[in-house]
2 protein chains.
Amino acid sequence: MATRPGPQPARRDPLLAAGSASSIKVFTALLTRGPMTRAEIGAATGFSGGAVTKAVQPLLASGAVRELPEQWAPSGAGRPAVPITVNAEQAYVIGVKITADALIGVLTDLRATVIESRRVALPAIEEPGHHAHTVDPDDAIMAVAELVRTLSDGQPGRADRVAHIGVAVSGDVEEITGTVRFSPLLGWRGISFAERLASLTGLPVSVENDVRALTVAEQWFGVGVTCTSFAVVTVGTGVGCGLVVGGELVAGAHGVAGELGHLAVDPREPECHCGGTGCVEAIIGEAALLDRVAVLADQRTKSWQDAVALADGPRGAQIRSVFADAGRVLGLAIASVANLIGPQRIVLTGEALAAYDLFAETMHSAYAAQCFGAARAELVVRPLQFEHWARGAAALAISRLVCGAPA
Amino acid sequence: MATRPGPQPARRDPLLAAGSASSIKVFTALLTRGPMTRAEIGAATGFSGGAVTKAVQPLLASGAVRELPEQWAPSGAGRPAVPITVNAEQAYVIGVKITADALIGVLTDLRATVIESRRVALPAIEEPGHHAHTVDPDDAIMAVAELVRTLSDGQPGRADRVAHIGVAVSGDVEEITGTVRFSPLLGWRGISFAERLASLTGLPVSVENDVRALTVAEQWFGVGVTCTSFAVVTVGTGVGCGLVVGGELVAGAHGVAGELGHLAVDPREPECHCGGTGCVEAIIGEAALLDRVAVLADQRTKSWQDAVALADGPRGAQIRSVFADAGRVLGLAIASVANLIGPQRIVLTGEALAAYDLFAETMHSAYAAQCFGAARAELVVRPLQFEHWARGAAALAISRLVCGAPA
DNA sequence: CTCAATTTCTTGACGATGGAAAAGAAGTGC
DNA sequence: GCACTTCTTTTCCATCGTCAAGAAATTGAG
């Protein structure tokens with residue numbers, strides 16, 4: 001293997017280089033559960049007071065956290081508590097989501113608050129015999145590097161603070177090495193994405209499956225703050241699912257897990273592209289559903305929004321019943337997750353939420369009916385903003401930055 | 001709450017009372033991975049040599065483990081290694097499985113090797129309006145206590161060594177307190193089983209859901225020895241599933257998990273007793289399947305064996321196709337587990353394996369077809385002996401005895 | 001037989017970790 | 001100012017596990 005020339009992978013990583021295990025624990029607690037006083041940190045982490053003081057000291061010294069002018073303290077009797085907060089702007093991360101036709105990139109602070117977001121179109125290659133267009137991996141990597149540069153240079157001095165890049169790709173990703181094993185959507189196979197992007201940008205790069213990245217975002221900054229066991233269900237082009245059990249993201253022994261889209265729910269349905277029969281995705285995935293709507297409306301539909309719009313037109317009743325039926329299937333699929341894993345909560349998100357009003361009722365009732373006993377996890381519906389996927393990638397980057405691991 | 005009189009709950013537990021965390025780790029490694037030399041223990045647990053020595057010392061002193069006359073060492077150069085083994089007979093446990101019409105109890109050593117097993121019939125109560133008979137909980141507890149006594153007294157001196165009782169019950173069990181929240185099969189609701197049995201026997205008692213107990217057995221003495229992520233699928237009266245993810249048994253946020261029997265796989269099927277539609281259990285559970293066979297054979301069938309026998313009689317072809325169809329559904333259900341969790345292996349067991357030959361082919365092909373990509377976990381088919389459920393309960397007792405926790 | 005070489009096991013010093021308890025700090029309420 | 005409360009810091013200590021040195025027990029070569 002020849003060493004690739006170009007900017008060295010600088011590895012600016014060690015944000016918490018001085019961090020002992022307890023310091024990292026305290027830091028992540030502060031990062032995810034907002035400003036807290038030392039006493040609260042102790043309660044939240046289970047550490048004794050003394051241990052908290054010891055853990056906080058190096059964090060203060062390194063500028064990772066700072067004390068707040070105590071203002072908002074409830075000020076009862078006793079010595080006033082000093083709230084401590086993470087210096088969220090001490091470092092930035094960039095998250096990029098790669099879709100078949102565009103890149104979406106966000107620059108966020110350590111709390112995953114989006115500071116700037118950008119979308120750039122990707123040139124598509126029409127491949128003969130392939131119904132969807134695919135993306136050239138070299139083009140994509142160059143374009144991501146360019147996008148990273150643009151986001152980094154948005155403000156003077158900003159570039160120095162960008163500490164990590166997270167990339168979210170649909171498909172099978174080997175997270176340790178940041179290699180895209182296989183992405184049907186993009187037509188990629190065995191692309192050493194992280195390595196190549198790191199060498200182009202000089203920054204550490206983490207690559208993950210998009211649904212899993214979104215799940216990491218929930219784990220750190222969403223329902224995971226109060227839950228050790230939850231699922232994230234996404235419905236859009238595909239139907240996916242990220243699982244956190246016992247506080248840990250479920251990776252799957254062979255890198256595959258959360259393939260909710262390929263549960264078999266109806267033997268009458270035709271074969272799915274995966275080789276299975278009656279797959280959820282083959283019924284309520286974008287392609288299947290929009291096709292069905294298009295046939296009824298006698299008009300091509302390119303997005304969930306289009307389809308929703310048609311539900312008010314002629315044959316609206318039939319179109320609405322297509323959505324209602326999809327809602328039922330989705331409800332059953334979510335119930336399968338609840339029955340099998342028993343998570344505390346299930347977050348529902350994805351592009352299909354544009355049609356939420358059209359399928360909510362049947363989804364909820366099918367879900368409620370199919371859930372076994374007490375398995376009925378609380379459903380959290382999370383409408384998807386266009387940069388959410390990229391923010392998931394940013395959350396991935398933050399988690400790597402804080403906890404270390406793959407680069 | 002009046003304190004119940006009778007023999008005190010003696011809590012003979014502290015088998016490893018002197019056990020520090022590392023000692024317990026070493027002990028469980030020895031228990032589950034057989035005799036090992038100190039060097040091997042170090043490799044297996046990740047401890048340094050010194051740490052192993054220190055951890056082993058108290059175990060040797062307390063008689064928990066012993067050195068073996070080194071015989072079987074591969075004897076290369078260097079100081080010969082001394083294999084160390086758990087004193088499996090230093091303590092016994094008793095595992096009891098409660099079914100609707102009988103108790104099955106086993107006495108095992110610490111390696112879950114069955115030393116003696118017994119089955120006693122339970123008097124059934126016919127309840128008006130209830131299609132199956134139920135069991136009076138008081139009768140059952142008395143009968144279990146009696147069974148424990150019988151197994152304990154099988155040999156002089158044995159009773160003193162019995163250290164823990166595990167009980168496996170179908171249904172919803174709160175393991176912490178050993179309370180049976182709801183068992184439809186037995187018709188129980190809110191029975192403080194562990195507490196009452198402990199007070200009757202003077203021994204610590206752990207109660208668990210039967211499928212989960214079987215899963216603990218696999219975790220400690222089965223596939224779990226080489227796997228940190230696996231599923232146990234049982235098919236019999238019901239269809240259940242125990243999950244181990246990241247080395248931890250999945251309990252479910254509300255105590256419910258692994259309800260594989262209530263995945264929806266076919267909207268054409270009638271409603272299941274759980275309120276869902278197209279549940280796996282309503283298609284291939286004992287009741288559903290035997291009914292279908294009975295109709296075809298024009299003859300009542302009471303067990304899987306009966307049904308299998310009929311497959312050679314008149315209308316055998318049709319009966320065989322019933323099994324084949326059940327195999328297909330089972331294959332899809334198992335694939336759902338594989339697709340969602342991505343375990344390394346899936347253990348298939350349960351009474352229905354009596355009919356394995358009749359459904360194996362369709363099951364395997366449906367499983368293979370429905371598994372998404374690399375999710376195809378290795379299937380381990382584990383024919384069920386009649387005391388396996390009870391041995392699961394014993395494994396539960398061992399795990400509690402060694403790791404502490406609920407009593 | 002003697003002597004390296006080798007591997008296993010033991011021991012003791014050391015650093016890291018985190019808890020308990022006491023002391024100190026900084027307020028409130030009277 | 002004084003008691004009282006609560007938060008934070010400090011000090012001391014027990015535990016844990018690594019490291020390095022050395023003791024023990026064997027093989028195999030000379």
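Which residues does A:V167 touch, not counting residues up to four places away in sequence? In this predicted model, the list runs to A:V96, A:I98, A:V144, A:F193, A:L197, A:V205, A:V207 and A:A393, where a contact requires C-beta atoms, placed from the backbone, within 7 Å of each other. Together with B:V167, A:V167 touches the most other members of the largest nonpolar core, a set of 273 residues. Such a core joins buried Ala, Val, Leu, Ile, Met, Phe, Trp, Tyr and Cys residues through C-beta atoms within 7 Å, and buried means that 20 or more other C-beta atoms lie within 10 Å of a residue's own.

Residues are numbered from 1 along each chain as its sequence is written, and chains are lettered from A in the order in which they are written. Local features need pLDDT of at least 70 and side-chain atom pairs pLDDT 80 or more, while totals for chains, interfaces and linings use all residues.

As for chain A as a whole, 51% of its 407 residues are buried. Of its contacts with a separation of 6 or more, 64% link residues 24 or more positions apart. The C-alpha trace of chain A spans about 70 × 55 × 40 Å along its principal axes.

Key. A residue is buried if 20 or more other C-beta atoms lie within 10 Å of its own, exposed if 12 or fewer, and partly exposed in between; C-beta atoms are placed from the backbone. Two residues are in contact if their C-beta atoms, placed from the backbone, lie within 7 Å.
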